[in-house]
Amino acid sequence: MKKRMSNSVIFFMCLVLIFPIVDIANGFLLTMGLMLPVGVLYRLFFFVFLIFSILSKPIPKSSYTLVTFVFVVGNSLIFLFQSIFLENMVGWIIDDFGVFVKYFLGVLISYFVYQQRSDFPKFYYEKLFHALNFLFILGLLVPYFLGVGTQTYEASNAGYKGYFFAQNDLSCAFIIFISFTGYHLIQKIKNKWDFSAAFILFLFASDIYCLLLIGMKTGVVYGLVIILYVMFTLMFGKNISILKRIIAWGSSVFFISWMTLHGINKILQLVEGTYNRMVYFYYLYDGNLVKLLTSSRSDFLEGGMNFFLHDTHLIFTLFGGQGFAYRQENFGRLGLIEMDFFDIFFGIGFGGVILFLIFIGYFIKLAFRKELMSVYSVILVVVLLYSFFAGHVFFSALSSTMFGLVCGGIVSQLKINSM
C-alpha cells in the first residue's frame, strides 16, 4: 500500500504542475500587449509557500541544511550590501529582489523535497516529471497546430515557441525532459511493455519534435544525440531479450528508412529558419565560428568584462558584484552575458561565485555517490553545461524551477536519517 502524501506535498505538486500553464498565460498576455505580472505573482507565491513550508517543519541537522542555509543567507547579505554600497534606487532593488527570488527558487524546491522525502515516494516523483512533460508538450504543440503563437527568434521565421516567453528556458526544459524520457523508455523496453511504455514512447517522440520545433542549436543537437544513444542501447545493450533486440533493430531500420525518404525533408522544414539564420550570421561575422556558436556571447563577455573592471565601485563589486538592474541600466545589452557562470560573477561577485561553487560542488559530490547515481545525476551535469554555454538557467524562473526538481530527484533518494 502506497503511503498517503501530506497536504503540503500535494499542494507543492499542484504548484509545479500549473507552472507551464502560468507561463503560457503570461506569454499570451505579453503578446497581447498586456503587462500583467501573472508569472511574477505566481513565483512570489511559490517562493513564500516554500519558505513557510520549510520553516513549519523540523529542520534536519545535516550538511545539506548547512550548505543551503549558507547559500541563501550569504546571497541575501550580498543583495543587502549591494543596495547600500551601490546606492540603488528603489525600483532597482525591487527588480533585483525578483532576480534573487528566481535564483533561490531551485534551491528551495530541492530542499523542500529533501525535507519532505518521507512523504514523497520515488513513484510519485517520476509521475510528476512525466505529467509536467505532458503539459509542456501540450502547451507547445496545441498552439502550433492551431496556427497561433510566436516564433523563437523575433523578426524571422526561425523556430517556434508558442506562448512560452523565453526560448532558452524552454529548450532547457525539453533537454531535461528528453533525457528523463529517454532513460525511462530504455528501462520500460528492457522490463515490461505495457500502456505506460507506450505513454513514455509518446513523450519521447514528442520531446524530439518539440526540440526541432523550437529550433535552438543546442537543443536540436542534444535531441539527435539522445536518439542515437537510445537506438544504440536498445540494439547493443545488455539485459535485452532477442525478441526485443530484433524489434529494436527493425524499428531502427524503419526509422532510418523513413528519415531518408520523408523525415529529412520534414526536419529541414522545421529547422530551415534556424539554418538560414545561422548562415546569415556566419557571413555577418565573417566566418567567425566562436561568435556564431556562442551567438555573440563572446562579444558580450568582452564588453561586459570591460565595464565591470572600470566600474567606479570596483573594490566592492569585485567581491559583492554589481547586481542585475544596475548592470542593465548602466551597460544596456552588455549587462547580461547569457552565460550563467559569468553572470553570477558580474552580478554577485567573487562572494557569490564561492557560494555557488559550494552549493553545486556539494550536489555534484552527492549526485555521484554510488547509492545515489541515477538519471538525475546525468541531467544535473547536462544542465550545468547548458548553463555555461547557453545561460538562462539559474536566473530564469522556468529553468530554475526545473533545476530544483532535478536536484530534488537526487535528494529524494536519500535515506531519512542520512546526511
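**Close-up views of a predicted helical chain**

View 1. Phe47 is found in helix 2; helices (DSSP runs of H or I, at least four residues) and strands (runs of E, at least two) are numbered from the N terminus. The model is predicted, so local features need pLDDT of at least 70 and side-chain atom pairs count only at pLDDT 80 or more, while totals for chains, interfaces and linings use all residues. Residues are numbered from 1 along each chain as its sequence is written, and side-chain values use heavy atoms, with hydrogens and water left out. Is Phe47 buried or exposed? Phe47 is buried, because its relative accessible area is 14%; buried means under 20%, exposed over 50% and partly exposed in between, with a 1.4 Å probe and protein chains only. Leaving aside neighbours within four places in sequence, Phe47 is in contact (heavy atoms within 4.5 Å) with Val101, Phe104, Leu105 and Leu108. Phe47 and Phe104 lie 57 residues apart along the chain, and their C-alpha atoms are separated by 8.2 Å.

**View 2. Helix 3 and its cover.** Helix 3 spans residues 63–85, 23 residues in total, and reaches 32 Å from its first C-alpha to its last. This is close to the expected 33 Å at 1.5 Å a residue, where the expected span is 1.5 Å times one less than the number of residues. Buried residues of helix 3 include Tyr64, Thr65, Val67, Thr68, Phe71 and Val72. Further along helix 3, Asn75, Ile78, Phe79 and Gln82 are also among the buried residues. An α-helix has 3.6 residues a turn, so residues three or four places apart point the same way. The cover of the buried residues of helix 3 includes helix 4, helix 12 (314–320), helix 14 and helix 16.

View 3. Glu87 is found in the loop between helix 3 and helix 4. Phi of Glu87 is positive, near 55 degrees, in a residue other than glycine. Most residues other than glycine have a negative phi. Glu87 counts as exposed because its relative accessibility is 67%.

**View 4. The largest cavity.** The chain has one cavity of 30 Å³ or more, and the largest cavity holds about 50 Å³ of space. On a 1 Å grid over the protein atoms alone, a cavity is a set of points where a 1.4 Å probe fits but cannot get out, and lining residues have an atom within 4 Å of a point. Grid points are joined across faces, edges and corners, and a volume is the space filled by probe spheres set on the points. The lining includes Phe71, Tyr103, Gly106, Phe356 and Phe403. Helix 4 (90–115), helix 14 (340–367) and helix 16 (397–411) each give two or more residues to this lining. Its residues divide into eight nonpolar, two polar and no charged; Ala, Val, Leu, Ile, Met, Phe, Trp, Tyr, Cys and Pro count as nonpolar, Asp, Glu, Lys and Arg as charged, and the others, Gly among them, as polar.

**View 5. The largest pocket.** The largest pocket contains about 1,900 Å³ of space; a pocket is an open set with protein on both sides within 12 Å along at least five of seven lines. Of its 50 lining residues, Val99, Lys102, Phe165, Phe395 and Ser396 are the closest to its centre. Helix 4 gives the largest share of the lining, eight residues. The lining of the largest pocket divides into 23 nonpolar, 14 polar and 13 charged residues.
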